[in-house]
Amino acid sequence: MGCGVAKSNKFHTKKGGKAITSMKAAVLIQRWYRQYVARMEMRRRYTWNIFQSIEYSGEQAQIKLYNFLGYLMDNFNPTSTERNLISHIFRENEVCRDTEWERHFCYKNIEVPEIYSGPRLIFPLTVEQVAAMVEAFRNKRQLHSRYVLQLLLETWKLLRKLPNISRISTCHSKEITVCGDLHGQLEDLLLIFYKNGMPSLDRPYVFNGDFVDRGKDSIEILLILFAFLLVYPNDVHLNRGNHEDHIVNLRYGFTKEVLGKYKAGFILEKLNKVTARIIIVVNFPCPQMHGKRILKLLQKIFSWLPLATVIDQKVLILHGGISNTTDLCLIARVDRHKYVSALRPPKKRTQYPVSQTSVDLDMEDDLSGTKNNQRRVSLIKANSFGPRDGFQRRSLQDFSGRVPRTVDEEIEVRRRQSGFIKGGFSHSQGELNNLAVSSASQESTDTADTTVEEWKQILDLLWSDPMSQNGCIPNEVRGGGCYWGPDVTQDFLDRHNMQLIIRSHECKQDGYEFCHNRRVLTLFSASNYYEVGSNRGAYVKLGPDLVPYLIQYQASSMTRELTLRKNVGKVEHSALKVLREQLFAHKSDLVSAFQEFDKDKTGQVSLNDWATAVESVLRLGLPWRMLRFQLATCKTPGGMLDYQEWFQELSIKEPQMEHIDQGLLETLYRHRATLETIFRIVDLDNSGFITMEDFRQTWKLLSAFLKMEITDEAISDLSVTIDTNQDGNIDIDEFMEAFRLTDKKSRLERGKSMFMGTTTDLTKLEGDPNI
């Protein structure tokens with residue numbers, strides 16, 4: 001017995017030792033795995049911060065540019081020809097009669113050739129026609145411009161009947177599907193339809209704005225959504241987003257997309273050049289006419305999109321957010337169509353003769369194919385601008401001023417009213433004039449105040465973001481709207497007896513995010529937004545219980561083929577590439593900042609000083625001390641950084657332009673998107689070409705905006721270099737591409753925003769010792 005017990009104890013001792021060893025091994029593996037996941041999450045987060053900081057910096061630059069152009073408009077002499085350089089973008093904000101816009105919807109004179117093999121629409125639309133159109137878009141086929149214009153006309157007619165706030169109920173269907181930003185990514189919309197089904201009487205949808213920009217299929221998404229809206233007007237609901245704005249479209253690609261796709265009115269399939277040229281001459285006297293008309297009509301349609309949707313009186317769906325002054329009763333009463341652009345309060349339309357309204361003038365330009373040449377005068381003749389910092393520091397809320405009725409109009413109204421005189425009292429002409437001036441002034445002030453308040457309400461709805469702190473502060477990061485806290489959310493929901501706000505406007509890594517004690521849901525439906533694998537998309541379904549049921553997805557099969565490490569590494573690499581380009585574009589400012597710390601002129605700075613200097617120049621709010629291990633590896637033995645060698649390590653390749661002023665080149669690299677936006681503004685006929693004088697005027701505008709001196713000689717050298725065929729015109733796209741910075745360090749992402757290869761290709765590139 002004793003021996004047996006001893007043997008048993010020995011056995012249990014050995015077994016217990018193995019168990020302890022196994023437990024220790026499991027703990028070590030678990031600890032290693034947690035550290036691995038933590039490192040991956042850290043890399044994901046700072047990669048995300050890079051993309052988001054650069055995105056918001058671009059939005060802020062766009063708003064500052066628009067503020068600046070508005071500032072110029074307010075300070076030029078009203079009769080000066082300089083105003084014509086930029087005035088047409090502000091003309092779109094004027095209130096015009098609907099009959100003036102109806103002329104642009106004329107499609108009956110556009111013939112559809114027999115060789116056109118795309119979808120053919122017959123109105124009123126049927127769901128079968130819309131499904132066929134969706135399938136055609138899936139196969140990369142284009143809708144003829146005649147059908148586009150007809151579809152826009154019917155959409156415009158319908159939208160004018162809709163209220164500012166759509167109200168729907170779950171009692172008529174089991175569930176309501178809500179989608180966030182799509183941003184021109186047709187693959188995401190098609191995937192949503194595949195997973196959830198197309199809109200129908202039993203499957204209503206709410207699309208929460210930002211249908212366009214950044215993606216390459218914005219016009220197709222719009223046409224699909226408008227078509228379903230016409231077929232199911234009570235079951236498809238569209239909210240306006242901040243990108244449904246022609247000013248924003250100038251920078252983020254939608255304007256360029258429409259003009260490119262509808263440059264000649266329709267896709268010419270399998271035709272030789274001679275035949276194609278004959279058809280264009282016969283059917284379309286102005287090659288750019290249809291694209292420009294489509295854009296003008298979309299400006300009007302965007303202004304008629306509803307601003308919000310309410311489900312069962314309990315769930316509010318809007319694009320951006322709210323503020324501490326948001327009032328749904330006021331929003332329900334505003335004339336939303338006045339706000340063609342939400343970036344500036346509307347002004348009363350300029351009083352042209354009946355035959356020369358602003359829209360008519362544009363129409364005449366379209367039909368004749370001519371360009372206004374009476375506008376090329378030096379910007380030096382402008383009035384004094386006052387303090388240069390004024391336009392840079394003013395938020396959107398500072399820009400107002402709308403004249404509801406001129407003095408002459410008020411005099412005429414008073415003259416008509418004087419036809420019935422009570423008690424024998426009458427006014428002399430002088431008294432009538434004084435009364436009219438006083439009344440017009442008072443009414444102008446009151447109406448202007450009301451208009452500015454309405455505009456701020458709309459601006460907050462489209463541009464605001466939530467924050468974790470209590471309160472409500474201006475959104476200085478984006479440049480428009482506000483940040484609002486959980487206390488503002490609670491107060492708003494209590495006042496309106498609601499329980500949830502669904503908004504979009506912000507890309508989220510998981511496609512959605514709850515905040516403010518789960519009272520605010522951010523929903524983003526454009527997957528792979530910054531890069532393939534950067535984020536998921538999501539949509540939400542709400543049943544009668546109004547409990548959100550979220551569905552996530554990614555539209556690219558590439559992400560399913562990559563491991564977590566490869567996916568994070570690929571997205572990180574893309575973000576660092578973009579950041580290296582930003583750093584290189586600010587080279588001179590960075591050198592000056594480094595020299596402030598390098599008092600002894602050794603050419604070296606500490607890593608902490610490097611991080612401080614970089615943030616002082618770029619102002620992106622990034623964790624530079626964390627990023628220094630990826631961006632600054634060329635350290636000396638003393639732990640210092642040789643900043644001249646560091647610029648070489650960035651591995652950014654410049655175009656070979658030795659004879660061009662380096663300061664001018666750096667300005668071009670740094671403000672490339674802003675320069676292209678000004679080019680698009682100056683290109684009045686949307687041809688994609690600008691004259692040499694336009695080119696010079698663009699640089700003068702840019703130099704005034706940046707508060708820097710750019711000599712005429714430097715601009716001339718640049719223009720001569722670009723005009724290789726010496727025809728006096730510059731191709732905007734070719735110019736912008738010629739001055740694109742490229743990354744010598746990585747073939748993986750050179751010239752691409754998305755990796756389009758296979759997993760095998762990616763593995764080969766990662767294993768290449770030359771990369």
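Start at phenylalanine 735. Leaving out residues up to four places away in sequence, phenylalanine 735 touches Leu668, Leu675, Phe679, Phe695, Trp699, Leu718, Ile722 and Ile730. Contact here means heavy atoms within 4.5 Å.

Before going on, a word on what you're looking at: this is a predicted model, where local features need pLDDT of at least 70, side-chain atom pairs count only at pLDDT 80 or more, and totals for chains, interfaces and linings use all residues. Residues are numbered from 1 along each chain as its sequence is written, and side-chain values use heavy atoms, with hydrogens and water left out.

**The cores**

Phe735 belongs to the largest nonpolar core, which has 69 residues; Leu69, Phe695, Trp699 and Phe735 touch the most other members. Helix α26 (residues 692–706) gives this core its largest share, eight residues. Apart from it there's another core, of 60 residues, including Phe211, Val212, Trp304 and Tyr553. A nonpolar core is a set of buried Ala, Val, Leu, Ile, Met, Phe, Trp, Tyr and Cys residues joined through side-chain atoms within 4.5 Å. Buried means under 20% relative accessible area, exposed means over 50%, and partly exposed is in between (1.4 Å probe, protein chains only). In soluble globular proteins, nonpolar side chains tend to be buried together.

Now for threonine 674, which sits in helix α25 (residues 672–682). Is threonine 674 buried or exposed? It's buried, because its relative accessible area is 3%. Skipping neighbours within four places in sequence, threonine 674 is in contact with Ala61, Leu65, Arg251, Leu702 and Phe705.

**The whole protein**

Zooming out, the secondary structure comes to 29 helices and 20 strands. Helices (H or I, at least four residues) and strands (E, at least two) are DSSP runs, numbered from the N terminus. Of the 771 residues, 54% count as buried. Among contacts with a separation of 6 or more, 77% come from residues 24 or more positions apart.

Two strands pair if DSSP finds at least two bridges between them. Strands β11 and β12 (residues 520–523) run antiparallel and are joined by four bridges; phenylalanine 514 has leucine 521 as its bridge partner in β12.

**Backbone details in loops**

| Residue | Phi | Relative accessible area |
|---|---|---|
| Aspartate 210 | near 55° | 1%, buried |
| Lysine 601 | near 55° | 75%, exposed |

Aspartate 210 is in the loop between β3 (205–207) and α7 (218–231), while lysine 601 is in the loop between α20 (587–597) and β15 (604–606).

Which peptide bond is cis, with omega near 0°? That's the bond from phenylalanine 123 to proline 124. You'll find proline 124 in the loop between α3 (98–102) and α4 (127–138).
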